[in-house]
Amino acid sequence: TMIQISALPAFTDNYIWLLQDHRTQRCAVVDPGDAAPVQAWLAAHPGWVLSDILITHHHHDHVGGVEQLKKATDATVYGPASESIPARDVALKDNDRISVLGWDFDVINVPGHTLGHIAFYHQGHLFCGDTLFAAGCGRLFEGTPQQMHASLSRLAALPEDTLVYCTHEYTLSNLKFAIAVEPGNPDTAARLEKVTAQREAGIMTLPSTLALEKLTNPFLRVDETSVKEKVDERNGTQNRAPSAVFAALRAWKDKF
């Protein structure tokens, strides 16, 4: 099935991912925090039907539009079983598999940002909400650094050419932190230069790829000597476990 994926901007820096199946004129959205951009798209594209709504976690900027869209379209709402998701029809657990627009999606538990956060993976495409960001990761509102490190490690184990569809335009600020962590990383420097130009031109920086994240995202690089040394230098410690390096990085980023 050929599915076209595009982004509907919402609020100041959210993206609602829109998946379109041109054969059936059915579409799905991921994390519609606001119904208005989705309804505007549907109004501008007569004949299209919203059939599915995929939710990664319970935060309002990801679920705020669900009830309105459900009423207007009767779409099926998928979301994590262990979180309170408005109008949810299908409660998802780790390793569940669902079919949306003819695509199979694997459900991956990725606790950390929230305790019940899930990601959706279909060969080459990862919808990861606020867990893995381009050059960054989500804040730990509910989970522990150990949980988030384990979640990111799970995502990093997916194929390198996987496209990463996260839900915020945070790439530039994330790269400014990444270059502080690894001032000598040429890949990070090149990406910062590119993303700076993209944002000045008003161009979105997503999706990313896992290959690029592994080269430039400090939160996926906690095993790298350069990252460990920087954390040791800042915290006056040595030989820390990867999850402890991750915890120190996340605490630094929170104040950065």
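Among contacts (heavy atoms within 4.5 Å) in the protein chain between residues at least 6 apart in sequence, 57% join residues at least 24 apart. The model is predicted: local features need pLDDT of at least 70, side-chain atom pairs count only at pLDDT 80 or more, and totals for chains, interfaces and linings use all residues. Residues are numbered from 1 along each chain as its sequence is written, and side-chain values use heavy atoms, with hydrogens and water left out.

The protein chain has nine helices and 14 strands; these are DSSP runs numbered from the N terminus, helices being H or I with at least four residues and strands E with at least two. The chain is as compact as a globular protein of 256 residues, because its radius of gyration, 18 Å, is close to the 18 Å from the globule rule (taken over C-alpha atoms; the rule is 2.2 Å times the number of residues to the power 0.38). Along its principal axes, the C-alpha trace spans about 60 × 40 × 30 Å. Of the 256 residues, 53% count as buried, meaning under 20% relative accessible area with a 1.4 Å probe, protein chains only.

Helix H9 covers residues 242–255. Its 14 residues should span 20 Å at 1.5 Å a residue, and its end C-alpha atoms are 20 Å apart, which agrees; the expected span is 1.5 Å times one less than the number of residues. Among the buried residues of H9 are Val 245, Phe 246, Leu 249 and Trp 252, and also Arg 250 and Lys 253. What covers the buried residues of H9 includes strand E12 (136–137) and helices H4 (145–156), H5 (171–181) and H8 (225–235).

Methods
Buried means under 20% relative accessible area, exposed over 50%, partly exposed in between (1.4 Å probe, protein chains only).
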